[in-house]
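This report describes a metal site and a chain interface. The structure is shown first, and the account follows.

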Amino acid sequence: MTTKEALFKYLLRLGDTSMILAQRNAEWCGHGPFLEEDLALTNISLDLLGQANSILQYAGQVEGKGRTEDDLAFHRTEREYYNHLIAEQANGDYAKTILRQFFCDAFDFYFYSELVKSKDEMLAAISAKSIKEITYHLRHSSSWVERLGNGTDESHSRMEKAMDELWRFTGEMFEMNEVDSVLIKEGIAIDLNAVRPKWENKVKEVLEKATLKIPANTFMQRGSRDAKHTEHLGFILSEMQSLPRSLPDAKW
Amino acid sequence: MDIKQLETNFDAKLSKNENIEPKDWMPDNYRKHLIRQISQHAHSEIVGMLPEGNWITRAPSLRAKMILLAKVQDEGGHGLYLYTASESLNISRDDLLEQLHTGKAKYSSIFNYPTLTWADIGAIGWLVDGAAIMNQVMLQRTSYGPYARAMVRICKEESFHQRQGYEIMCKLSVGTKEQKEMAQDALNRFWWPTLMMFGPPDAESSNSENAIKWKIKRESNDQLRQRFVNQTVPQAELIGLTIPDKNLKWNEAKNGYDFGEPDWTEFNNVIHGNGPCNKERLGARIKAHEQGRWVREAAMAFAEKKKERVAA
Ligand SMILES: [Fe+2]
Ligand SMILES: [Fe+2]
């Protein structure tokens, strides 16, 4: 695998995760539990879309086949998408949405905090810009995890259920393959083994405050590094891509 | 001060075009009228998020998705300012939402029409936000201070929305055959409901008279409608779209267009709950509110616990 090929795949991993998580959060727009939270979630979705946009645009340049960010977003199938499985999980109730966001925010925070040191200037610049937004996202989601875990009996049990559904998708975020080893050698990518303990500490700290426990079953699902997804992604993409695919000659 | 004196002071303020502020004395009917109008306006912003929200997950490019998402978010922000302005008249947001959910309060009937194609997103920005601006520019000079100030902020964003909507229509109208048809079809479906947004003809408008006397409204429904038509027809022509009105004709003498009469029977049907999406729109709002109840309760319970902990 050449550096260029590895970088392209690495960028898809990052861009697709932001893209799909943004798409999921956007489903809440107009349907949030109250107006202020509706706006907050939409804001997060917008930030993630902005990140996806820059990363996929750069991915297109790196690939060098003239594909734009829209070509990459709207004209790839689910077997060519590399987003983390957790991002595509259904919104469920607000507890599940918030917990999904918290796991992703905590990952992104420590991940992009490291990636600002990347030898790839573009990647470093994108990370520097993203980290400002992610800092706010993490503050938002962790405060809500604490609130819902500690709120009422109902909110606590909803959080426990969300934990049970989502925990199994957190392990693969730290998985590394040839893409990583090629890029780590060049100082472009970062070692996810170094991100992991930071993520675990943060999660432990917030869950403790929220009086929530990690589920007994700690088996981890995997697959996104090989573009093998849960059944959700196909539906997300068919909805998202329907218009550009039905009128392939059209410009929007 | 006796009531006569208070009324005289109030009228004097109005005639000097001074704003009425929350702490000022105001006639009961003025307050009621304002609560009705501002909350209806707030509800329209919130319900208005739904038809456009319907296309967020299907917007055809990343840029289009970001613009639409930001637009719908702006509308939510407008709802927030307006609920705050209503609250300054001593009514809580909970009470206002209750009125919306029980059907006691209305919202703009335009949002009871479905968004069937992507071009509808263009048409709504261009026409619906365009019509809203006519109304809102006037309301920047409305007599109630908090309402007038909310409008100043809102108007800036609305003109942005209108430009973005028109841009979608421009792109479609120079696009493929399917895109052009989509644009014309959206205009055909949204033209008349947009004209209805200004309300019934002046001769039949029950609330207009007081609103004008109190300087809440400064122009009549028909005046605003005429101004909207005059502004919009050339915009349609510029991008090769046809206004679906056989009676549309330039009238040199009045320096404006003559145009046909909207179908007021349809308008009344929609107002009375029988538009294509009334049930869906209200249903979606009620569902969001009910499914959000446990979240709001949890947030309150948590805040209480925190307070206790600080006190302990
Ligand atoms: Fe608005
Ligand atoms: Fe608007």
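Donors are N, O and S atoms within 2.8 Å of the metal (3.2 Å for Na, K and Ca); water is not among the atoms, so sites may look incomplete. B:Glu75 coordinates both the iron ion (ligand 1) and the iron ion (ligand 2), which are 3.5 Å apart. B:His78 belongs to helix H4 of chain B and B:Glu158 to helix H7 of chain B, so the pair ties together parts 80 residues apart in sequence. Helices are DSSP runs (H or I, at least four residues), numbered from the N terminus.

## Basis of the model

The model is predicted: local features need pLDDT of at least 70, side-chain atom pairs count only at pLDDT 80 or more, and totals for chains, interfaces and linings use all residues. Residues are numbered from 1 along each chain as its sequence is written, chains are lettered from A and ligands numbered from 1 in the order written, and side-chain values use heavy atoms, with hydrogens and water left out.

## Interface of chains A and B

Contact (heavy atoms within 4.5 Å) involves 43 residues from chain B and 49 residues from chain A. In chain B, B:Thr57, B:Leu62 and B:Trp294 lose the most area to chain A, together 20% of what that side buries.

The rule finds one salt bridge across the interface, defined as a side-chain nitrogen of Lys or Arg within 4 Å of a carboxyl oxygen of Asp or Glu. The side chains of B:Arg93 and A:Glu36 form a salt bridge at 2.5 Å, N to O.

Definitions and conventions: Buried area is the accessible area (1.4 Å probe) that two parts lose on being put together, summed over both. Helices (H or I, at least four residues) and strands (E, at least two) are DSSP runs, numbered from the N terminus.
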